[in-house]
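Trainee: I would like to go through the terms used for this model and see what stands behind each one.
Mentor: Then ask about them in turn.

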Amino acid sequence: MVESEENKTETTTTRPEFPTGRIKRIMKLDKDTNKVNADALFLVSSSTELFLRFLAEKSAEVAIEKKRKIVKLDHIRAAVKRHHPTSDFLLDSLPLPAQSSEKPASDNTSARIVTDKQAPAGTRRIDQFFAKAASEEVPVLINES
């Protein structure tokens, strides 16, 4: 009886957790790929699932080492840096860590990013459009005829 249960688990195939249609669409973004075989689709889906599980486990280990309960981007970056084959291709794709992540935002001005970059000739910055100039405050008259 135990042997028959083991045989059942060996013969059943697992279905990937990611939607295969979406993975197929992503694979077809490559201009060299016209058709995607079902076996190739299954392998890409399964390997993606294994990679994400690996990345989540390593990131959780880093978070536990830093005595945190929530995995953040810094923990993922640290996990990627520790695993050299992963860091070769993934480290450049991860966003840079926020410098002010340690400080809580106390006012709304810290959330706004202001650049001192000059706009090209003949254009205006969008914040100029929304700003009210003190000299231009003229009441608007509406004709009710």
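Helix packing and burial

Mentor: Helix α2 (residues 20-27) and helix α3 (residues 38-65) pack with their axes 10 Å apart, at an angle of about 100 degrees. This is a predicted model, in which local features need pLDDT of at least 70 and side-chain atom pairs count only at pLDDT 80 or more, while totals for chains, interfaces and linings use all residues. Residues are numbered from 1 along each chain as its sequence is written, and side-chain values use heavy atoms, with hydrogens and water left out.

Trainee: What makes a run of residues a helix here?
Mentor: Helices are DSSP runs of H or I with at least four residues, strands are runs of E with at least two, and both are numbered from the N terminus. The protein comes to six helices and zero strands, in the order α-α-α-α-α-α from the N terminus on.

Trainee: Why are α2 and α3 called roughly perpendicular?
Mentor: Axes are lines fitted to C-alpha atoms, for helices over the stretch in contact, and angles run from 0 to 180 degrees between N-to-C directions. Angles under 35 degrees count as roughly parallel, over 145 as roughly antiparallel, 65 to 115 as roughly perpendicular and the rest as oblique. The angle for α2 and α3 is about 100 degrees, so the two helices are roughly perpendicular to each other.

Trainee: Which residues of α2 and α3 meet?
Mentor: T20, I23, K24 and M27 in α2 meet L41, V44 and S45 in α3, where contact means heavy atoms within 4.5 Å. By class, this contact of α2 with α3 has four nonpolar, two polar and one charged residues. Ala, Val, Leu, Ile, Met, Phe, Trp, Tyr, Cys and Pro count as nonpolar, Asp, Glu, Lys and Arg as charged, and the others, Gly among them, as polar.

Trainee: What is the arrangement of α3 and helix α4?
Mentor: The axes of α3 and helix α4 (residues 73-82) come within 8 Å and cross at roughly 110 degrees. That makes α3 roughly perpendicular to α4. On the α3 side the contact is made by L55, K58, S59, V62, A63 and E65, and on the α4 side by H75, I76, A78, A79, V80 and R82. These residues of α3 and α4 divide into seven nonpolar, two polar and three charged.

Trainee: How do you know that S59 is buried?
Mentor: Buried means under 20% relative accessible area, exposed over 50%, and partly exposed in between (1.4 Å probe, protein chains only). S59 has a relative accessible area of 2%, and is therefore buried. S59 lies in helix α3 and touches V71, H75, I76 and A79, not counting residues up to four places away in sequence.

Trainee: Why does A79 count as buried?
Mentor: A79 has 6% relative accessibility, so it counts as buried. A79 lies in helix α4 and touches K58, S59 and V62, again leaving out residues up to four places away in sequence. The C-alpha atoms of A79 and S59 are separated by 5.3 Å, although the two residues are 20 residues apart along the chain.

Trainee: Which residues of α4 are buried?
Mentor: They are H75, R77, A78, A79 and V80. The buried residues of α4 pack against α3 and α5 (84-90). Of the 145 residues of the protein, 13% count as buried.

Trainee: Is K67 buried or exposed?
Mentor: K67 has a relative accessible area of 73%, so K67 is exposed. The place of K67 is in the loop between α3 and α4.
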